[in-house]
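Here are a few friendly notes to read alongside the structure.

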Amino acid sequence: MTTITGENITFIEWLQDKLFLGMSFKEYFKKLITPFNIIATLILCVGIPIAFVRFTQGLAATTNLTDNNPWGMWIGVDVLCGVALAAGGFTLGSAVYLFGMKEYHPIVRPAVLTGFLGYFFVVIGLCFDLGRPWRLPYPMFVSYGTTSVMFLVGWHVALYLSCQFVEFCPALFEWLGWKKFRKFVVGLTIGATIFGVILSTLHQSALGGLYLLAAKKLHPLWYTPFLPVFFLVSAIIGGMTMVIFESSLTHRVFSHQISLDHKKFDKLTIGLGKAAAMTLMGYFCLKVIGVAHGDHWHLLGTPMGQWFLLEVLGFVLAPCFLLVWAVRQERAGWVRFAAIWTVIGLILNRVNVSMIAFNWNLPDRYVPKWTEFAVTITIITVGVLTFRWIVNRMPILWEHPDYEPEI
Amino acid sequence: MIHTLHDFMLFTKGQEYLIAVFFLIVFVVFFGILNKKKESTRK
């Protein structure tokens, strides 16, 4: 076995090099004691016992879900927001691998990794809601439900997760030094990206399509036959803004790994901001047409209508204008701020559709239990820790010197 | 039955078409503003 510098080493040394970053276990353990890791450990100490209770005692012990409100925070936040915010992988993957925007190549790997981990943890979040995780393969191989939107979503998420894994594999194989496997998966990248775009288009919109079944339950301002289109377009926005947010965070935290200079990085951020601004404007137009289609103008004066206006004007149109100003003034910092604002807006939209505007007229309103928050925070924490573990080891933010770039 | 302009607009989806055309114009203007190059401050 060899290191990155080509030295011959034993298996133990190889493990030490790969897993403990070349340090002894003691040194590595000492380096792990940081404020962030201590907070993460505390979160896990609360979240893991709750997860145990959920899988042994059921939903009633850990959630406020009822027959009227069978879908709560784990679907509304973990699944709907998770899938939308993980769309950066397919958005940037198609920009770089299909449309030839090679200048974005330095940020495509972190975007693909975010997408892959995002979907992976969506499945984990879904398992919390569904229970009995060993039955996950049932819709694939045992009991087909071809008339259900959930059948489509289940299959698509499974297939898309595989596509994202293929797109992530070059970095994994470069880290392991498996040159032949790396060459093979690089050949699959374009195919996987095309397949991924098809799958994403369908399942992002299908998640909105799920709520078409709940015409009487969803508030008329949020319910529209255009829901699948809204979900798809907003997911594209979420993907782009999440890439801006995630890349600015990684550039701060892992600055020692990055070869891209700040000017070039700011230019990429502004380019993404421009694309996000255009898509936000398109999304705003569609939202207005959605209200016109149902002729629900009179509902805008009601309390729910004002909440709708806050979502559309405050978290779609306002960040859109800020992005336009920041792009024109070439202020990358403001683009990042507007991106975070947009991400919050997207989360608000999914929470509105799945919880606040759902069963809005029932006296029995759903409010998540603290344990539901704890599980969601635990899943996000594990996701962040996994992202950091991979970025610290694999060539995600830097080019491996032994390999040619994929494009 | 179509009694008012509002009924007519609903029946023909005219409201949506008008809004769509309006936003088409807005979007073109928006695109122009977004892509307008920043004026150089150097003299």
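1. In chain A of this predicted model, H7(A) passes H15(A) in a right-handed crossing (the near helix is turned clockwise from the far one by less than a right angle). Helix H7 covers residues 108-130 and helix H15 residues 370-393; their axes come within 10 Å and cross at roughly 150 degrees. Axes are lines fitted to C-alpha atoms over the stretch in contact, with angles from 0 to 180 degrees between N-to-C directions. Helices are DSSP runs (H or I, at least four residues), numbered from the N terminus.

2. Which residues make the contact (heavy atoms within 4.5 Å)? Among them are A:Leu117, A:Phe121 and A:Phe128 of H7(A), with A:Val382, A:Gly383 and A:Phe387 of H15(A). By class there are 12 nonpolar, 4 polar and no charged residues; Ala, Val, Leu, Ile, Met, Phe, Trp, Tyr, Cys and Pro count as nonpolar, Asp, Glu, Lys and Arg as charged, and the others, Gly among them, as polar.

3. Now to the two chains. Chain A and chain B bury about 1700 Å² between them, 71% of it on carbon and sulfur atoms (accessible area lost on being put together, 1.4 Å probe, summed over both). In chain A, A:Met278, A:Asp295 and A:Arg328 lose the most area, together 34% of what that side buries.

4. Chain A brings 19 residues to this contact and chain B 18. On the chain A side, H12(A) gives the most, with 11 residues.

5. Residues are numbered from 1 along each chain as written, and chains are lettered from A in written order. Local features need pLDDT of at least 70, and side-chain values use heavy atoms, leaving out hydrogens and water.

Notes. This is a predicted model: local features need pLDDT of at least 70, side-chain atom pairs count only at pLDDT 80 or more; totals for chains, interfaces and linings use all residues. Helices (H or I, at least four residues) and strands (E, at least two) are DSSP runs, numbered from the N terminus. Contact means heavy atoms within 4.5 Å. Buried area is the accessible area (1.4 Å probe) that two parts lose on being put together, summed over both.
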